[in-house]
Protein chains: 6
Amino acid sequence: MKKSRFTHLDSRGAARMVNVAAKPVQTRRAVAEAILRCAPATIRQLRKQALPKGDALAVARIAGIQAAKRASELIPLCHPLPLHHVGVDFEVRADRIVIRSEASTDARTGVEMEALAAASVAALALYDMLKSVDKKMAVERLRLLHKTKH
Amino acid sequence: MKKSRFTHLDSRGAARMVNVAAKPVQTRRAVAEAILRCAPATIRQLRKQALPKGDALAVARIAGIQAAKRASELIPLCHPLPLHHVGVDFEVRADRIVIRSEASTDARTGVEMEALAAASVAALALYDMLKSVDKKMAVERLRLLHKTKH
Amino acid sequence: MKKSRFTHLDSRGAARMVNVAAKPVQTRRAVAEAILRCAPATIRQLRKQALPKGDALAVARIAGIQAAKRASELIPLCHPLPLHHVGVDFEVRADRIVIRSEASTDARTGVEMEALAAASVAALALYDMLKSVDKKMAVERLRLLHKTKH
Amino acid sequence: MKKSRFTHLDSRGAARMVNVAAKPVQTRRAVAEAILRCAPATIRQLRKQALPKGDALAVARIAGIQAAKRASELIPLCHPLPLHHVGVDFEVRADRIVIRSEASTDARTGVEMEALAAASVAALALYDMLKSVDKKMAVERLRLLHKTKH
Amino acid sequence: MKKSRFTHLDSRGAARMVNVAAKPVQTRRAVAEAILRCAPATIRQLRKQALPKGDALAVARIAGIQAAKRASELIPLCHPLPLHHVGVDFEVRADRIVIRSEASTDARTGVEMEALAAASVAALALYDMLKSVDKKMAVERLRLLHKTKH
Amino acid sequence: MKKSRFTHLDSRGAARMVNVAAKPVQTRRAVAEAILRCAPATIRQLRKQALPKGDALAVARIAGIQAAKRASELIPLCHPLPLHHVGVDFEVRADRIVIRSEASTDARTGVEMEALAAASVAALALYDMLKSVDKKMAVERLRLLHKTKH
């Protein structure tokens, strides 16, 4: 199940874009998650100043969607892919914001980097908007939740 | 010390680029860190296949530097800034890779988002290169280590 | 004929990229038009200084073609699409320049935003080149002329 | 007051970036406006589905702000400028949405193209979000309202 | 064999993106080469300071791969294409660095501009890294080595 | 005169953006040249179909100017710089097109990469437009002609 070598590095260790020509086009989907840890006072202030009707979550959502679309510009060995769908959503809890992203397409290679880029950049956009109030935030865990192909 | 309001959101909660016209140009520097948690076997394989002479860390470094330069494209309310310096470095440990980035410039606003974008995208680039071997990696903590202005 | 809801906004009003996975790939074409209203003296000066052999219309044409290719970067919820063709043409009249653009591809979603982005940015590029002479120009009407799929 | 020649075209009509080296750095500000004409039913549906708490205006605002930041990529002869501030706001009326943008900086050249790009792309983003309901929208007038330097 | 007219210019000489709608999707591959001529002392210094384990070639490789992916942004009449593979490799000789690039995809139009952009920008990236030592480098020959479709 | 080390590589060979903080802002100018070698029949066809009034040279000029503005995106260790001026010009000879570019600004670091990127990408854009007629073109020499600071 686990490959024994990094497919993105050749036998000399040189970086390469994997040649996907021989892979079949399949329907690909990936879901990722990032958690932005904040002070409870930050979340309270966010609820007061910007939720439910302010722009904060919309700005982060758009930043995430745009990042998924440009994943192949950000990540050097990523293939440029058309995307059928990108979604970014948020759960605002007492001391953190959970960001969940998904990406899907029909392609020869997976879309996990697109989903991870979306969650990651959405977290950065939130950080940027909240940082005037909270200097101690951290993105705590960015990971792939699942990916499928069929 | 802590401001009571988000400067990036107005009284209606609408997003806005902060007007920095009245702020003085100062020398700004920010240092950020991200940790990519990997299986020890992944790190061993990385040491064997790509360290010390392969491209893996160079690719991630470049991805991070380029991300710092385009932080204002990725993060909607970020100001476009000239940068004097961006650096990204790595410490490969038994079960993780520690990514440290710094950015500096003379500007009216800080460069923490540039440093965070560098660490964040360098981590994504590493993830992309290592994911054929390790499906369970996570970016564990992305945070600002310090920032200065003078 | 008219849908009763905005497909780009969900039931909470949250923005979303429409999931086009279930739509068939069809041949899509869209034609758009923008009108840049100028003073007659501006048009006379343009004819004297830059028509027929100057670069002015070529610069605007290229700006428009490039904008169509990056429509999905400019417009947050737009899908990235390969394009078969983008064309931008101009009709210079006594008091206006009529810009007509078209875009076509085989895709799951239409190319009207690509055509509109082309006409719109071609108009901005003309505005930029003519503004040293004419401070009162306006883009008067930017609209879709027709779109087809089959 | 009106210059007799296009500064962006040389004596052969060839396009050129104006050399701004000799111009003084001044505080520049520009305000632009675009009007998106919609059917009254579209506006009613927008008020019901997405105002006041939906993302629609936030998405368009971000699209406009990002377009101002990349004006020099969109408009071939535009100078890349740092920006102190970009703002985009909306007035939703019975049969149109009025988009007002402003940009400001300290630079050797004006920021009217940045403001116009912001208003123009914000209008395109709104068009994109509303087009599933209304096929007959048009951007009716895109123009500079005023610009200052001092 | 040789077409008598430029397909990218119409009968008036106006630039156009060729409409590729009627062309079949074929497997396309192109290989290009650029030669960066350097002083022998530069090459010796490169071998000492950065080969085999430094980042220099990795940086140039990534620059080339990224340029192939954005060829349609750099070259105005180029079609945006998905790419199956981009590779950039180097041969460091006594007085020059030979850069060889290849690009491949399934598309309606060839990928020679993608391969040429990769070789060209990889050469620029090397030039940038070596220029503090050698002021007299030149890219000596950038050309297509071969292209295939089937 | 000649530095003994590559400033873009540290003592381990790792790539780095040079820290320009300590350098004074100076007026910088650089001039570069590229030569596109073509068959004489290609040049004759170009003169007939596209010169003097066609778009071919304007397209290449714009491609070059845009590339100068995005040099820091193309070349990983380049600093983002504001530019006062970018110019690209052409001399069409019997068997070649000579492309000359210049870039200037006030900055802490030189603009030779901007000038070289402009000449290089302008050559690629010409190649793209002429390639349907001439399969054997080559960019023959891309080099810096001079650079100044004061």
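Two residues count as in contact here if their C-beta atoms, placed from the backbone, lie within 7 Å. This is a predicted model, where local features need pLDDT of at least 70, side-chain atom pairs count only at pLDDT 80 or more, and totals for chains, interfaces and linings use all residues. Residues are numbered from 1 along each chain as its sequence is written, and chains are lettered from A and ligands numbered from 1 in the order in which they are written.

**Stop 1: chains A and B**

Select chain A and chain B. Their contact takes 45 residues from chain A and 46 residues from chain B. On the chain A side, the elements that give two or more residues are α1 (40-49), α2 (56-69), α4 (112-130) and β4 (138-149). Helices here are DSSP runs of H or I with at least four residues, strands are E runs of at least two, and both are numbered from the N terminus. Pick α4(A) to see the element that gives the most to this side, 11 residues. Now colour the chain A side by residue type: 28 nonpolar, 8 polar and 9 charged. Nonpolar means Ala, Val, Leu, Ile, Met, Phe, Trp, Tyr, Cys and Pro; charged means Asp, Glu, Lys and Arg; the others, Gly among them, are polar.

**Stop 2: the strands across that contact**

Show β4(A) and β4(B), residues 138-149 of chain B: they run antiparallel and are joined by 2 bridges. Two strands pair if DSSP finds at least two bridges between them. Click Val139(A) and you'll find Leu142(B) opposite; Leu142(A), in turn, has Val139(B) as its bridge partner.

**Stop 3: helix α2(A)**

Is α2(A) enclosed or open? 14 of its 14 residues are buried, so this helix is largely enclosed by the rest of the structure. Buried means 20 or more other C-beta atoms within 10 Å of a residue's own, exposed means 12 or fewer, and partly exposed is in between; C-beta atoms are placed from the backbone.

**Stop 4: chains E and F**

Jump to another open sheet of 8 strands, ordered β2(E)-β3(E)-β1(E)-β4(E)-β4(F)-β1(F)-β3(F)-β2(F), with antiparallel pairing. Zoom in on β1 (residues 26-37) and β4 (residues 138-149) of chain F, an antiparallel pair with 10 bridges. There, Val31(F) has His146(F) as its bridge partner.

**Last stop: Ala118**

Finish with Ala118(F), which touches residues including Ala32(F), Ile65(F), Val86(F) and Ala103(F).

Conventions: Lists of a residue's contacts leave out its neighbours within four places in sequence.
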